[in-house]
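Notebook open, chain loaded. I'm jotting down what I look up as I go.

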Amino acid sequence: MTEEPKKRRFLTTEQAAEELSVSSNQIRALLRTGELRAIQVGGRGMWRIGVNDLEDYIAGAYRRTEERIASGEIVDDAEPDADYAQ
């Protein structure tokens with residue numbers, strides 16, 4: 001019988017940054033503003049972000065972006081991101 005790999009419950013700031021393709025500094029900024037929920041464990045700077053909290057942040061970011069597009073606040077006339085160009 002094969003065991004399924006254990007799913008992580010928490011991510012480091014570096015792992016969360018990798019998931020969002022941003023810098024660790026950007027994740028720390030989101031933590032400071034409270035936009036991204038996390039817990040501090042151990043010593044100073046030891047943050048852990050719940051996988052569900054990261055998913056909630058992503059869902060909220062999609063919702064906020066949709067609202068900004070619908071209101072006309074965001075008009076994207078720039079070139080497509082090179083990572084998504086076809």
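I started at Val22, which touches Ala17 and Ile27, leaving out residues up to four places away in sequence; contact here means heavy atoms within 4.5 Å. This is a predicted model, where local features need pLDDT of at least 70, side-chain atom pairs count only at pLDDT 80 or more, and totals for chains, interfaces and linings use all residues. Numbering runs from 1 along each chain as its sequence is written, and side-chain values use heavy atoms, with hydrogens and water left out.

**Loop between H1 and H2**

Val22 sits in the loop between H1 and H2. Helices (H or I, at least four residues) and strands (E, at least two) are DSSP runs, numbered from the N terminus. Is Val22 buried, exposed or partly exposed? Partly exposed, with a relative accessible area of 34%. My cut-offs are under 20% relative accessible area for buried and over 50% for exposed, with partly exposed in between (1.4 Å probe, protein chains only).

I then checked Ser21, also placed in the loop between H1 and H2. Ser21 counts as exposed because its relative accessibility is 68%. Its phi is positive, about 55°, although Ser21 is not a glycine. Worth a note, since most residues other than glycine have a negative phi.

**Whole chain**

I counted 3 helices and 3 strands. From the N terminus on, the order reads β-α-α-β-β-α. Buried residues make up 17% of the 86 residues. Of the contacts between residues at least 6 apart in sequence, 41% join residues at least 24 apart.

**H1 against H3**

How do the axes of H1 (residues 13-20) and H3 (residues 51-70) cross? They come within 12 Å and cross at roughly 35°. For the axes I use lines fitted to C-alpha atoms, for helices over the stretch in contact, with angles from 0 to 180 degrees between N-to-C directions. The crossing is right-handed, that is, the near helix is turned clockwise from the far one by less than a right angle. On the H1 side I noted Ala16, Glu19 and Leu20, which meet Leu54, Tyr57 and Ile58 of H3. By class that contact has 5 nonpolar, no polar and 1 charged residues. Classes: Ala, Val, Leu, Ile, Met, Phe, Trp, Tyr, Cys and Pro are nonpolar, Asp, Glu, Lys and Arg charged, and the others, Gly among them, polar.

**Core**

The largest nonpolar core has 10 residues, including Leu11, Ala17, Ile27, Ile49 and Tyr57. I take such a core as a set of buried Ala, Val, Leu, Ile, Met, Phe, Trp, Tyr and Cys residues joined through side-chain atoms within 4.5 Å. H1, H2 (24-33) and H3 each give two or more residues to this core. The largest share, 3 residues, comes from H2. Next I looked up Ile49, whose contacts beyond four places in sequence include Phe10, Ala16, Leu31, Leu36 and Leu54.

Thr13 lies in H1. Thr13 counts as buried because its relative accessible area is 6%. Its side chain makes a polar contact of 3.3 Å with that of Glu14; such a contact is a pair of N or O atoms within 3.5 Å, and within protein one must be able to donate a hydrogen and the other to accept it, while residues adjacent in sequence count only if both atoms are side-chain atoms.

Last entry: Asp53, in H3. Asp53 is buried, at 17% relative accessibility. Not counting residues up to four places away, Asp53 touches Leu36 and Arg37.
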